[in-house]
Amino acid sequence: MVTYNFDQVISRQNTNCAKWDAAEFIFGEKDIIPMWVADMDLPTARPITEALKKRTEHEIYGYPLSVPFSTASAVINRMKQKYNWEIKPEWIVSTPGVVPALFTAVRAFTIAGDAVILQDPVYYPFWGAIENNGCHVANNPLKLVDGYYKVDFEDLAARFEPIVRVLPSPSRIRMMILCSPHNPVGRVWTREELTKMGEIVIGNGAIMVSDEIHGELLYNGHRHIPFASISKEFEQNSITCMAASKTFNLAGLEASVLIIPNDKLREKFEQTRQGFLPSANIFGMVALEAAFNDGDEWLVQFLDYLQHNMEFLSDYFEHHIPQIKVIKPEGTYLVWLDCRQLAMGPKVLAEFMTRKARVGLDHGFAFGPSGDGFERINIACPRSILAEALNRIKLAVNALQ
Ligand SMILES: Cc1ncc(COP(=O)(O)O)c(C=O)c1O
């Protein structure tokens, strides 16, 4: 058995990584702890590194199969083993990332002027995927009730009512982009919630694009359910976006998989991607396969470390910075911080975190109008880095009084 030491600090500076090496440029501060973009300051699983080394030794890196047979088997087995979801090899489509897949899906399944539902606050590229394709956002904001985010089902159903819908005619809602688990609020949707959302969306003739990239990043007691696994009807009217990149820290290797069971939807997607969306990177697929086949020993240890990081952070805010409330996540390594009690406008809050606390966070307003007054912190790092960041926030907040 390999025991991983996640406390070890490994410098990422001068490795051409976005998080650390672009931090000064992005935040305009030299001495900043970057806790923004969603990757980890932790090494991945040993079997993944071994599989990559082995592949490099072949020394011929020509065009790969879009979905290698062995990778398809790894995906099929993972879905069966984790979720008891039986998928077919031909349903699997590879892309170099979930974000380009989302942009392509909107392009494939809408026409300019259509509307696409999202749930604000949400991962900011969702907005771009819709608006850059000439579509309108039909916003179904999440409701924050006693520190817990919930779906507003009444509002979701109302989006489809022509009278309530405040959209330029003749927009039609063709799609919803679901974030499951949800970035940034950390919810892991229950079967009941997913079923209700699906009934409304699919019942009204739209399709569900379910971004499940965070599906394996779960805290104690929470279980991810792929939207499409709920029923044959959901399976036939949805696109599931998955990857090993978030779970195993492989984002730079550019590989993700879509599961598109409906032949017509898959053909349309494939037709639309022609010429501008390639399949996944050769090394990315090697890593994905190794992660799904042999990554669990690492994942169990990582999730345990993450659980402790989350508890450490929650405890720290509660006892040392009670002015900021932690929205306790059920999944993802991104934690949504409710800073509204500091009573700063969104830009002032962002400046405060950057200049006074000197931590590089993702600012809430980037996630949509409901994000004002919030900040998102990435806790996938050695605990000593997290502790230093929290100490900086504490000192900055104390200096306000
Ligand atoms: C919900 C969600 N989808 C997609 C991505 C990025 O996916 P990719 O790197 O595969 O484009 C992220 C990264 O943070 C994310 O949070």
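## Close-up views of a predicted model

View 1. Asp-338 stands opposite Phe-374 in S15, where strands are DSSP runs of E with at least two residues, helices are runs of H or I with at least four residues, and both are numbered from the N terminus. The structure is a predicted model, in which local features need pLDDT of at least 70 and side-chain atom pairs count only at pLDDT 80 or more, whereas totals for chains, interfaces and linings use all residues. Residues are numbered from 1 along each chain as its sequence is written. Strands S12 and S15 pair in the antiparallel sense over 5 bridges, and two strands are said to pair if DSSP finds at least two bridges between them. On S14, which pairs with S15 (residues 374-378) in the antiparallel sense over 2 bridges, Asp-362 stands opposite Arg-376 of S15. The open sheet has 4 strands in the order S11-S12-S15-S14, with antiparallel pairing. Strand S11 (325-327) and strand S14 (362-363) each have a single partner strand and stand at the edges, so one side of each is left without a neighbour in the sheet.

**View 2. The two covered faces of strand S15.** Of the 5 residues of S15, 5 are buried; a residue is buried if 20 or more other C-beta atoms, placed from the backbone, lie within 10 Å of its own, exposed if 12 or fewer do, and partly exposed in between. Phe-374, Arg-376 and Asn-378 lie on one side of the strand, with Glu-375 and Ile-377 on the other, and both faces are covered.

**View 3. Helix H15 and its buried face.** The 16 residues of helix H15 (residues 383-398) should span 22 Å at 1.5 Å a residue, which agrees with the 22 Å between its end C-alpha atoms; the expected span is 1.5 Å times one less than the number of residues. Leu-386, Ala-389, Leu-390, Ile-393 and Val-397 are buried in this helix. Seen down the axis of H15, the buried residues fall within an arc of 95°, so they line one face of the helix; the arc is that of the directions from the helix axis to the C-beta atoms. Ser-384 and Asn-398, on the other side of H15, are exposed. The buried residues pack against strand S1 (33-34), helix H13 (296-320), helix H14 (346-357) and strand S13 (359-360), with contact meaning that C-beta atoms, placed from the backbone, lie within 7 Å.

**View 4. Two cis peptide bonds.** The peptide bond from Asp-120 to Pro-121 is cis, with omega near 5°, and Pro-121 lies in the loop between strand S3 (115-118) and helix H6 (125-131). Another cis peptide bond joins Asn-183 and Pro-184, with omega about 15°, and Pro-184 is found in the loop between strand S7 (173-179) and helix H8 (191-203).

View 5. Thr-332 is buried, with 30 other C-beta atoms within 10 Å.

Note on methods:
Two residues are in contact if their C-beta atoms, placed from the backbone, lie within 7 Å.
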